[in-house]
Amino acid sequence: MQGILKKISQINFGLLSPENIRKMSVTKIVTPDTYDEDGYPIEAGLMDPRLGVIDPGLRCRSCGSKGGDCQGHFGHINLARPVIHVGFADTIHKILRSTCSNCGRVLLTESEIAEYKEKIGTKHQNEESINDIVKEIYTVARRDKCPHCDEDKEEIKIDKPVSIVEGNYKLTSSEVRERLEKVNEDDYILMGINPDVAKPEWMVLTVLPVPPVTVRPSITLETGERSEDDLTHKLVDILRINQRLKENMEAGAPQLIVEDLWELLQYHVTTYFDNEASGVPPARHRSGRPLKTLAQRLKGKEGRFRSNLSGKRVNFSARTVISPDPNISINEVGVPEMIAKEVTVPVYVTDWNMEDMKEHIENGPEIHPGANYVIRPDERKIRVYDETKESILEKLEPGYVVERHLMDGDIVLFNRQPSLHRMSMMAHEVKVLPYKTFRLNLCVCPPYNADFDGDEMNMHVFQTEESRAEAKSLMRVQEHILSPRFGGPIIGGIHDHISGAYLLTREGSEFEEDYVYQMIKKSNLPFPEPKNKPWTGKEVFSLLLPDDLNMVYRAEICRKCDECLRQECKNDAYVVIEDGQLISGAIDEKAFGAFSGKILDSIVKDYGTDKAREFLDSATKLAISGIMKRGFTTSTADEEIPQEAKERIEELLNMAEKRVEQLIEAYHNDELEALPGRSLRETLEMKIMQVLGESRDKSGEIAESYFGMDNHAVIMALTGARGSMLNLTQIAACVGQQSVRGGRIERGYSKRTLPHFKEGELGAKASGFVHSSYKEGLDPLEFFFHAMGGREGLVDTAIRTAQSGYMQRRLVNALQDLSVQTDGTVRDNRGIIIQSKYGEDGVDPAKSDYGKVADIDRMIEEMRIKSKAK
Amino acid sequence: MARKKASTKKKVTPLILTRFERARLIGARALQLSMGAKPQIEVTGSIDPIDIATLELKENVIPLEVKRKSEK
Amino acid sequence: MDIKKVTSVVKKKKADFPESLIHEITDASERHELKAKELELLVDEIKKEYERAGVENGEAVGTVAAQSVGEPGTQMTMRTFHYAGVAELNVTLGLPRLIEIVDARKKISTPTMTIYFEENYGTDEEFVRKIANQIGKIVFNDVLKDFNVNYADMSMTVEIDEEKVKEKRLEYDSIIAKIEKAFKKVVINKNLLSFEPTISESKHAIRELRLLADKVHDLQISGVKNIGKVVISKEDVEWVIHTEGSNLGAVLKMEGVDKTRTTTNDIHEIEKILGIEAARNSIIHEAQSTMEEQGLTVDVRHIMLVADMMTSDGTVKSIGRHGISGEKASVLARASFEETGKHLLRASIRGEIDYLTGIIENIIIGQPIPLGTGSVGVIMKARD
């Protein structure tokens, strides 16, 4: 792929030897002073100019490159005394424990050595990790006597964090280093050390590499002062102590002082590597804030790996609030002009687009479509201004790169966080529009899980031709209509699209021909022959359907009556499509809705994604036109039920509450029979919940019987546009029992829920049964219980997002290397076979029919219809 | 569809491009066209390199082919 | 149309259909009463569909599967308690259960077993009840009529309720035997037993007596280890036992138990008793039922991939840093997941080499990943 001149094939890890450190350093660092009085960096100090430059004006002394280009060079500090590297303290401890202090051999018998070496050999062959074997060796080698030289061994303990204690005597770092030097090289591998790249004694540092200035840059505050990086502070501490230690040792100071200084040096080097090492007080700033040293820079969510390497901030991106736009295609995104003028697309100038590019440069950076920069073949970037336009236009020839504004038709990546599945990032075509928000077609909201209450989304502009081409082939919205999660459509009509389609196609809806032509024009459909009479909604909808489509299914509004009247269905729920004509049945969620659209599903699978996109665009526009003609609204009048209904519901609920009282009495009189496996109390609770639940359901049924299909709220609920009948019954009839932790409200005051009740009251009202409907209004007690139940839901959601996010991260991390190979097996990156055939049948879930290879029943039916037609 | 270089082993892989291969071919060809390569078909309508590359692939005149990895 | 006929047609058409598809075709052909010619046409059509629906080489199935299983997680409830299934036992549901499965937890929060019985035994309610009481944990207190602790006399007497003993289908003598084995100073007088604390003359006498009382109270006289409450219910025509707690090994050995259908939800136990393949199936089954119960559909192939990944090494491994993610070959991949310092330090002394074959490594160094389009090699055609 473009731009790759060298491909990195592997990364080797190893330890730095003191010789290596000295070799790669450009200078020895001795003084802890950084700058002198004039503000110049001191030689042989920490900010020595040979270590690199950050200032864009200066040049680096060691490599000669300018401010931004120099990557910095290492220096070194000769430590007066060796110091243990905190990260290896544990390993050093284990090695000393497993080897003899006299002869340096590992404390294993010859046979054991041979056995383990063989095991390690096989593991290396299989490219597996040897961690378990090494762990085992460490435990086995904990012996008292050396099997090779017969010396006794004293117990070696580790004193947090870096002191090695033998028996009662604390080993100094030099002694530790000597012992490590003694260890026999043949035994290295048994302790997990690879002799080609590491020697145990290198784990005790005699030379400390000093990171370049670019790794620990200083910042100039507004006051003009220079503030040094945390690492620089730490290195200053190390240098100071090192100097003192050296002076004291040379001057022949008493043992105690030397040891003290040595410990202090060890402390500083330890916190330099890891300020959060256990057992060590963290080094702090004067302000009290702990320093951020090397280990902290790498770890955690904000560390190097997760925050700068696996994911980075990028240029050519944009982010604003989104707003809906039903008039653009699902493939498109509306980009504000401001953004289009800021993020650019680099285009190579060729003979064919020279004229075009000249126009762009002529427009300049202010007028859209224009250009912002021009890059010469020698890679110099020239900003396009009105003044420079002329000279640029003259010199322009093939080989130049013009960074032009974003234009209609460009492909961009559009994304909403949290990006939980691959449909959270899809490629859209740009449509530059005025004002300041991104515009999104409504059908594409479910995969992004976006609503328009202030959500923001990100846009990334592709910079290379290759990425643009790949995005156009693979990542366009229309390619993602079917979700890999369950094989059905995830992009489809929502809310008004569905109620609109229902109103358009239900029995009895008719339109004058001239309005029909308006609707057709709005939906970008080809004009049909005029009929010279009013059209039915079904006829209009049939213009969308391809001519060889044949389907039969039951719509969402189907009441699931015991005896299906099929085409005679009173609710117009039996949908029959023959040869692209909608013969009976109304269109609703089951036709082209987001999660269950059958028509959409079969169009995608049989006619391809382009046709599906066109169908969806047209169908939604048609549905909107249909609803616009008729008008649609809702109010509380939609939930009005006549007085007699209210009376019936009241009666029902009173009976239920009486029944509950009866149950409670029976419980108190010991007349209640316990269910198997349950205590009496639990049985009581279950029975009460059952009674109350039934009463709410029945009251709902009563209310429902008074609602008809002329009720707009009911239309929305039944067609699947928004809401459910449960919402309506809660508004009209009765809200029902509130629950916390799966049961009725129990907690509150001791032995009762609220002080309004007596102790031990178990009645319906006392445990959270809300008798009233939302329309009637809840009394204060009911309101309180309702708030308790609602609060549980909110807390649940909050915890759920965190837990499920972590689980998703772990799953993705564990499974991301798996891919399907050319032989059909699923292997990971080591080549190990995970599945011999993907999903045991080799079927892609996104292309499957809700999990199955094909809908065999439908195929047989269609086959028979076709043969009959012949 | 572009022809595949059949692997030298007996196993001949099927001749249909996977969508990744298709995307890669179009991408590589579009890059070449954008930097000035000569199109292999008559260019009418859009001069967008991606559209030209897609057309070339459809007409099977694209000068690139996919090398499938054979079994290790 | 029987399955042999379908298989032969399929073979004739050289269609490499999986077994399940052949079964489906057979069922459909029976339902619609297909004729031979229709069957041939059908197989042709299905062959076309099967090839169209195949997964493509280079597809990043792992990532898609992980996303498909992880994304519905935000829609699952955290509410763990629910009187699920049998309406008498608490079973962990929803997101916490899914996390348990994926973490391969050794100790799960609500282990439960479902015990089926063989043909003749399953319809016999008596037999099932007897087994239930044998398996379920019954303590001495459950069969007592009277329990007296007298602090003044420092004595304790209990009266065994014969009715209850019979109700629970227990053997009277075996209870007595257990009592005698557990307590040294017992005086048995028909149904009345009196216990004496071993140390009566001490300052802690009262506490001793209380402890003894508790010990007598909670003495387990029946039940299998690890199993607590037991519930019987009727499903269709047979009786089935649901238990709280799980001990598959002991239960499978009992007579009358249907070894092919009895199961537990503890995956590690299934791995131990029935092997790794059974554990894989158990993971798939548990994960699927958890999702279904919440009303979410996830294609089984994704769950199968997760289960296969967890069990491909021969043992059930967890998804996190102690399992699969911690054993990856690449140093950078492990370091960027969790425990950064540890992995880098260890890599340096082992002299590990990272061959950059995985996804994260390639993202870190900025190269195309070896999946999808990155797995395709393109070369210029030779000039003819």
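In what order do the three strands of the open sheet in chain A run, and is their pairing parallel or antiparallel? In this predicted model, the order is S26-S27-S28, and the pairing is antiparallel. At the edges sit strand S26 (819-820) and strand S28 (833-835) of chain A, each of which pairs on one side only. Zooming in on one of these pairings, S26(A) is joined by two bridges to strand S27 (residues 826-827) of chain A, the two running antiparallel. Here A:Ser819 stands opposite A:Arg827 in S27(A).

Strand pairing also crosses between chains. Strand S1 (residues 11-12) of chain A and strand S11 (residues 353-354) of chain C run antiparallel and are held together by two bridges. Within this pair, A:Asn12 has C:Ile353 of S11(C) as its bridge partner.

Now for the contact between chains C and A as a whole. It draws on 96 residues from chain C and 89 residues from chain A. On the chain C side, the top contributor is helix H4 (residues 61-70) of chain C, which supplies ten residues. By class, that side of chain C splits into 50 nonpolar, 29 polar and 17 charged residues.

Chain A touches chain B too, and this contact takes 16 residues from chain A and 19 residues from chain B. Helix H14 (residues 465-475) of chain A provides the largest share of the chain A side, at eight residues.

Note on methods. Residues are numbered from 1 along each chain as its sequence is written. Chains are lettered from A and ligands numbered from 1 in the order in which they are written. This is a predicted model: local features need pLDDT of at least 70, side-chain atom pairs count only at pLDDT 80 or more; totals for chains, interfaces and linings use all residues. Two strands pair if DSSP finds at least two bridges between them. Helices (H or I, at least four residues) and strands (E, at least two) are DSSP runs, numbered from the N terminus. Two residues are in contact if their C-beta atoms, placed from the backbone, lie within 7 Å. Ala, Val, Leu, Ile, Met, Phe, Trp, Tyr, Cys and Pro count as nonpolar, Asp, Glu, Lys and Arg as charged, and the others, Gly among them, as polar.
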